[in-house]
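This report examines a protein chain through its salt bridges, one of its helices and a part of its surface. Please consult the sequence and the structure while reading.

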Amino acid sequence: MFRTPPPPAKSLILTFPTPHILVVTINRPQAMNCINSQTHHEMSQVWHWYDEEPSLRCAVVTGSPHGKRRAFCAGQDLKEWNDVQSGDGDPRPAHAEGGFGGLSRRSGKKPVIAAVDGLALGGGMEMLVNADIVVASVSSMLGLPEVKRGVVAFAGALPRLAMSVGLQRASELALTGRMLNAGEAREWGLVNKVVGDGEGEVLAATVAVAKEIAGNSPDSVIVSRAGVRSAWEGESVEEATKRVREGVGMGLETGENIKEGLRAFVEKREPKWVDSKL
């Protein structure tokens, strides 16, 4: 089915609800899905594989529940961090390329949607700030409690948070360490959709969004995402549009999917997309 097999991942569960959708479940429930160094590297490798696997068009990241204690990701594994801090060498935990969970500073090529059911704290919140879309259960809580532990959210969230919600709101989160409930997070623009607390409800709602994305032209999704994310680069609108159009956009304009989409419109039928070559 895949051009190359998925990379090995002891702390993750990889599932495929449709041939075009990848679900990555952080599987450390007894640790509230806190991420250690091994899991950072496993996740980074999975996102690289996902971007390079032509058949996959959208990904979802979520956390494994542990009884009534639900967490998307409660941040860095502080026990590991304490051990590192107490030893010799670099006192910081090792993040892989792409930052926390391979996501907090990831540019990547294809979209990743976060399905949040429970706590998203510290690094978990840092991943969300850079997710393309966020779906959360009504009881979920989001925050950056680093200042309460004597550390700092250095995985990329702070500048992105200021751009997303403004200086004052970003400062409130980063300097007080308080948590937002899902409703507040949606009001602030950090969550797209809030759903109920039923078992599997968040994941089902998130996969439904992923199916909607996967049903579109995979070339158009990749180029549209690049266009939206060009805002992070600090360029003018004209510069960013030109860079994307003359870069990855050229592949779209000469590819098969643009021809199929236009032809299907004229013929009044559903398009039949091919895997993207971008």
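Asp117 has a relative accessibility of 19%, and because buried means under 20% relative accessible area, this residue counts as buried. The model is a predicted one. The partner of Asp117 in a salt bridge is Arg70. Asp117 lies in the loop between β5 and β6 (119-121), and Arg70 in the loop between β3 (58-63) and β4 (71-73), so the pair ties together parts that are 47 residues apart in sequence. Arg70, with a relative accessible area of 26%, is partly exposed.

**Salt bridges**

The model contains 14 salt bridges. Three of them are listed below with the distance between nitrogen and oxygen.

| Salt bridge | N to O distance |
|---|---|
| Arg106 and Asp51 | 3.1 Å |
| Asp117 and Arg70 | 3.2 Å |
| Arg225 and Asp132 | 2.9 Å |

Arg225 belongs to helix α8, while Asp132 is found in the loop between α3 (123-129) and β7 (133-137), 93 residues apart. Arg225 is buried at 9% relative accessibility, whereas Asp132 is partly exposed at 26%.

Arg106 sits in the loop between α2 (78-86) and β5 (112-116), and Asp51 in helix α1, 55 residues apart. Arg106 is buried, with a relative accessible area of 6%, and Asp51 is buried at 10%.

**Helix α11**

Which residues of helix α11 are buried? In this helix, which spans residues 256-266, they are Asn257, Glu260 and Ala264. Viewed down the helix axis, the buried residues fall within an arc of 60 degrees, so they line one face of α11. An α-helix has 3.6 residues a turn, so residues three or four places apart point the same way. The buried residues of α11 pack against α8 (218-229), while Leu262, Phe265 and Val266 are exposed on the other side. After α11 comes Lys268, which has a positive phi near 55 degrees.

Asn257 is also touched by Ser217, which has a further contact with Trp273. Ser217 is located in the loop between α7 (201-214) and α8 and is buried, with 6% relative accessible area.

**A surface patch**

Val152, Phe154 and Leu158 make up a nonpolar patch on the surface, with about 300 Å² of accessible area together. Val152 lies in the loop between β8 (141-143) and α4 (157-165) and is partly exposed at 43% relative accessibility.

Conventions
Residues numbered from 1 in each chain as written. Predicted model: local features only at pLDDT ≥ 70, side-chain atom pairs only at ≥ 80, totals over all residues. Heavy atoms only, no water. Buried < 20%, exposed > 50% of the residue type's maximum accessible area, 1.4 Å probe, protein only. Helix = DSSP H or I, 4+ residues; strand = E, 2+ residues; numbered from the N terminus. Arc of directions from axis to C-beta. Contact = heavy atoms within 4.5 Å. Patch = residues over 30% accessible without salt bridge, like charges linked within 9 Å, V, L, I, M, F, W, Y side chains within 5 Å. Areas by Shrake-Rupley, 256 points an atom, 1.4 Å probe, with all protein chains shown as cover. Salt bridge = Lys/Arg side-chain N within 4 Å of Asp/Glu carboxyl O.
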